[in-house]
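Work through these exercises on helix packing. Try each task before you read its solution.

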Amino acid sequence: MSVEIKRAYEPPSPSDGERILVDRVWPRGRTRDELRLEAWVRDVAPSTELRRWFGHDPTRWTEFERRYREELSAPDRRALVDDLVARARRGRVTLVYGARDTAHNQARALANVIVERLAG
């Protein structure tokens, strides 16, 4: 069981396991065939307001992650996270995202939440 993250612009690999898009919007210029996704879970992505506030500003990362975790604790989103945790228990899951910043993005924050839930 493991959770990985990968940009939508990187080629899929057989080692990715289940590929799940976790962005609210579809990655520009990518087709469904190119992404080879098992699911698109757009409602697990940060709210539009939070995403706009963050603006991929690394100086806001800590606060973004705190606020995003708070959003993920809402009952409807918690169910989506539960499903991702269950998938990760069955095998490798790769969270696919479109952001350029590979260190400060919602997929990384979500992966951290899933890994913590798997360990707990």
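## Helix contacts

Trp61, Phe64, Glu65, Tyr68, Arg69 and Leu72 of helix 3 touch Gln106, Arg108, Ala109, Leu110, Asn112, Val113 and Glu116 of helix 5. Contact means heavy atoms within 4.5 Å. The model is predicted: local features need pLDDT of at least 70, side-chain atom pairs count only at pLDDT 80 or more, and totals for chains, interfaces and linings use all residues. Residues are numbered from 1 along each chain as its sequence is written, and side-chain values use heavy atoms, with hydrogens and water left out.

**Exercise 1.** Describe how helix 3 packs on helix 5.

*Solution.* Take the angle and distance: about 55°, with the axes 10 Å apart. Axes are lines fitted to C-alpha atoms, for helices over the stretch in contact, and angles run from 0 to 180 degrees between N-to-C directions. Helix 3 is therefore oblique to helix 5. Angles under 35 degrees count as roughly parallel, over 145 as roughly antiparallel, 65 to 115 as roughly perpendicular and the rest as oblique.

**Exercise 2.** Now classify helix 3 against helix 4.

*Solution.* Their axes cross at roughly 95° and come within 7 Å. The two helices are therefore roughly perpendicular. Tyr68, Glu71 and Leu72 of helix 3 meet Arg77, Arg78 and Val81 of helix 4. These residues divide into three nonpolar, no polar and three charged.

Key. Helix = DSSP H or I, 4+ residues; strand = E, 2+ residues; numbered from the N terminus. Nonpolar A, V, L, I, M, F, W, Y, C, P; charged D, E, K, R; others polar.
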